[in-house]
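Me: Could you walk me through one residue of this protein and its surroundings? I'd like to take it step by step.

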Amino acid sequence: MDNKYINIYNNLINLTRNKNLYDNFLNQDTFSDRLIFFLFHLGFFKKNTEKETLQEIYDYNFKQLELSIREMGYGDVAINKKMKTYLNIFHAILDNIDNWENLSDFEKSKILSNFLNINEVKSNLVDYFNKYLLNLSNNTLNYYIKGVVKFKF
């Protein structure tokens with residue numbers, strides 16, 4: 001497997017591990033929650049990236065996700081079912097964040113709360129993704145490919 005996009009994957013994983021993202025949960029920090037945050041981070045990558053490169057990034061990240069699920073001990077049938085579910089969630093996220101810049105904070109909060117299965121999203125989570133999107137637009141793809149990203153929340 002070509003490791004051209006390993007730094008993007010590692011950067012997305014590191015961003016997903018940001019403890020401040022989980023302030024909205026009481027005592028909940030599950031694989032599913034982390035996966036949703038991972039998919040949101042990955043979804044925002046669609047801005048300012050060529051279609052072919054974007055497809056390679058998505059393919060690489062979902063292959064890595066599949067490998068992670070295999071390491072957890074799931075069998076082929078369960079992995080196929082889970083991957084189909086995750087891809088459907090990812091495409092739903094893409095549909096919802098397509099116009100992120102033009103949405104109100106209330107609408108953004110509603111999108112996040114729907115995917116994270118929580119009643120109310122704190123404004124800091126909406127601010128986080130607004131800043132993340134701004135960070136993506138202010139940097140080139142090479143910035144994410146070449147090394148570890150230091151993104152402050």
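**A histidine and its helix partner**

Reply: Happy to! Helix 2 spans residues 31–43, and His 41 is found in it. Please keep in mind that this is a predicted model.

Me: Is His 41 buried or exposed?

Reply: Its relative accessible area is 0%. Buried means under 20%, so with that value His 41 counts as buried.

Me: Which side chain joins that of His 41 in a polar contact of 2.7 Å?

Reply: Let's take the backbone first: the oxygen of Phe 37 lies 2.7 Å from a polar atom of the His 41 side chain. Leaving aside neighbours within four places in sequence, the residues in contact with His 41 include Leu 12, Thr 16, Phe 129 and Tyr 132. The side chain that joins His 41 in a polar contact of 2.7 Å belongs to Tyr 128.

Me: At roughly what angle do the axes of helix 2 and helix 6 cross?

Reply: Two packed helices are described by the angle and the distance between their axes. Here the axes of helix 2 and helix 6 (residues 123–138) come within 10 Å. Their crossing is right-handed, and the angle is roughly 35°.

Me: How many residues of the contact of helix 2 with helix 6 are polar?

Reply: Helix 2 brings Phe 37, Phe 40 and His 41, while helix 6 brings Leu 125, Tyr 128, Phe 129 and Tyr 132. Six of the contact residues are nonpolar and none is charged. The number of polar residues is one.

Me: Which element has the highest mean pLDDT?

Reply: The protein averages a pLDDT of 84, and 90% of the residues score at least 70. Helix 7 (residues 141–146) has the lowest mean among the elements, 79. The highest, 92, belongs to helix 4.

Key
Residues are numbered from 1 along each chain as its sequence is written. This is a predicted model: local features need pLDDT of at least 70, side-chain atom pairs count only at pLDDT 80 or more; totals for chains, interfaces and linings use all residues. Side-chain values use heavy atoms; hydrogens and water are left out. Helices (H or I, at least four residues) and strands (E, at least two) are DSSP runs, numbered from the N terminus. Buried means under 20% relative accessible area, exposed over 50%, partly exposed in between (1.4 Å probe, protein chains only). A polar contact is a pair of N or O atoms within 3.5 Å; within protein, one must be able to donate a hydrogen and the other to accept it, and residues adjacent in sequence count only if both atoms are side-chain atoms. Contact means heavy atoms within 4.5 Å. Axes are lines fitted to C-alpha atoms, for helices over the stretch in contact, and angles run from 0 to 180 degrees between N-to-C directions. A crossing is left-handed if the near helix is turned anticlockwise from the far one by less than a right angle, and right-handed if clockwise. Ala, Val, Leu, Ile, Met, Phe, Trp, Tyr, Cys and Pro count as nonpolar, Asp, Glu, Lys and Arg as charged, and the others, Gly among them, as polar. pLDDT is the predictor's confidence in each residue, from 0 to 100.
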